[in-house]
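Hi everyone, and thanks for making time for this.

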Amino acid sequence: MTPIQTPGQVFDAVQRAKGGATAFCTNFFPVESKLRGWINHGELFAELRDGATFFFRKDRDFLRLYFCAADAVALQREIAAWTGLQTERVITDLVGDESAVNKMLPAFEPAGFRRHTQLQRLVRMRRPESATDGLPVGFAEKADGQAVLGLIENIFDRYGEQLPMLYEIEAAIESRQILAARSDGQLAGLLFFETQGLASTVRFWAVAEKFRALKVGSAVMRQYLKIHDAVRRFTLWVNAGNDNAIQKYRHFGYAPDGLIDHVLASRLISA
Amino acid sequence: MKSVIEILTEIRPEFDFTASSDFIADGMLDSFDMVTLVSALDKNWGVSIPGTDIVPENFQNVQTIEALLRKSGTKP
């Protein structure tokens, strides 16, 4: 694996895999600002293979695999031939509609990957929302970084949900992308979002255990929707088996749009 | 045959594509939409857009999408 040092190297490596592609398949949809963060922190590596390029991002104690392949045959061949699977703990995501994901699955299962979890995308169109209730909600502050990280790591699955690192949380706080509700000086709940133009994505919506059933989650969600009055399209990814969370999102107008994400774990994780 | 604007509106009916000059920066198309759009353009115009051309710059607005179609051998 070669360390990536510039976004240009990423672009070149993706184009290399696309050259001559008849049925290009990928799970890599990088946003330049995120790429720069990963590169600056020495987290991103690449491996150029015949008909495919693999990118690896170091995430806590495992690697996230992103692939760009000329077609499903090249993907299957190169995954099977990659010797790193014998020694590395690897997670990868297969994203698309059911039929696209089912075409990619056969490339991974023979190499020892097993289904870890499944996420589904929910979408909400613009609609009026009633006023905020419950605890007052404001933007998270610089000093909240560690508490935000702790709450997210405590609630969400680190393999399944692409948890942010502390530096990403600090950058999000500075960019006013995290809403926080506090009670007695403690972080009771949060909503971490990413907004681009007329679209906004909820990355994490969480309430600390001791503050549940107190409308903290509703308060941060309503505040989020209130400050995004101009946004036309809201999206998020949720664990497909988390009926409780899905029910709450439905209450706020979200519904599945048919995109799914199969999270696969390599043998050293799933064993 | 449908126009580029008609195809875009079918994919994302909530947006007014005539009011934007940068669909990506305005959040109107994401990576998944680009894949859907390529498939719809292929089907509607009978072209095959090469993988190397599926980059955000080619999907910024109606003009860049039409230029991509011309490059791929059709006349939008």
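**A strand pair to start with**

Let's begin in chain A, where β5(A) and β6(A) pair in the parallel sense, over 3 bridges. If you want one spot to look at, find A:Arg64, which stands opposite A:Ile91 in β6(A). Before going further, please keep in mind that this is a predicted model.

Let's stay with β6, the strand that covers residues 90-96 of chain A. How many of its residues are buried? The count is 7 of 7, so this strand is mostly covered.

Now for a residue with quite another setting. A:Asp61 sits in the loop between β4 and β5 of chain A. Is A:Asp61 buried or exposed? It counts as exposed, because it has 8 C-beta neighbours inside 10 Å, and the cut-off for exposed is 12 or fewer. Along the chain, A:Asp61 and A:Glu88 are 27 residues apart, and their C-alpha atoms are separated by 9.6 Å.

Next, follow the chain back to β3(A), residues 44-49, which has two partners to show you. One is strand β1, residues 2-3 of chain A, which runs antiparallel to β3 and is joined to it by 2 bridges. In that pairing, A:Thr2 stands opposite A:Ala46. The other is strand β4, residues 52-59, also antiparallel to β3(A), with 6 bridges between them. There, A:Arg49 has A:Ala52 in β4(A) as its bridge partner. β3(A) and β4(A) form a hairpin with 2 residues between the strands, and in that hairpin A:Gly51 takes a positive phi near 80°.

Speaking of phi, here is a bit of background. Most residues other than glycine have a negative phi. With that in mind, which way does phi go for A:Gln162, positive or negative? It is positive, about 50°, although A:Gln162 is not a glycine. You'll find A:Gln162 in the loop between α5 and α6 of chain A. It is partly exposed, because 19 other C-beta atoms lie within 10 Å, while being buried takes 20 or more. A:Lys215 is another residue other than glycine with a positive phi, in this case near 65°. Its place is the loop between β11 and α7 of chain A, and with 17 other C-beta atoms within 10 Å, A:Lys215 is partly exposed too.

How many of the residues of α7(A) are buried? The count is 10 of 12, so the helix is largely enclosed by the rest of the structure. Among the buried ones are A:Val216, A:Met221, A:Arg222 and A:Leu225. And what covers them? The cover includes β8, β9, β10, β11 and α8 of chain A.

Let's zoom out to the domains. The assignment for chain A gives domain 1, residues 2-118 + 261-270, and domain 2, residues 127-231. Taken over C-alpha atoms, their centres are separated by 29 Å. The contact between them takes 9 residues from domain 1 and 6 residues from domain 2. On the domain 1 side, β7 and β13 each supply at least two residues. By class, that side has 4 nonpolar, 4 polar and 1 charged residues.

Finally, please meet chain B. It has 3 helices and 0 strands, in the pattern α-α-α along the sequence. A compact globule of 76 residues would have a radius of gyration near 11 Å, and chain B agrees, with 11 Å. Its C-alpha trace spans about 30 × 25 × 20 Å along the principal axes. Buried residues make up 22% of chain B.

And where do the two chains meet? 14 residues of chain A are in contact with 10 residues of chain B. The chain A side divides into 7 nonpolar, 4 polar and 3 charged residues.

Technical notes:
Residues are numbered from 1 along each chain as its sequence is written. Chains are lettered from A and ligands numbered from 1 in the order in which they are written. This is a predicted model: local features need pLDDT of at least 70, side-chain atom pairs count only at pLDDT 80 or more; totals for chains, interfaces and linings use all residues. Domain bounds come from an automatic or database domain assignment. Two residues are in contact if their C-beta atoms, placed from the backbone, lie within 7 Å. Helices (H or I, at least four residues) and strands (E, at least two) are DSSP runs, numbered from the N terminus. Ala, Val, Leu, Ile, Met, Phe, Trp, Tyr, Cys and Pro count as nonpolar, Asp, Glu, Lys and Arg as charged, and the others, Gly among them, as polar. The radius of gyration is taken over C-alpha atoms; the globule rule is 2.2 Å times the number of residues to the power 0.38. Two strands pair if DSSP finds at least two bridges between them.
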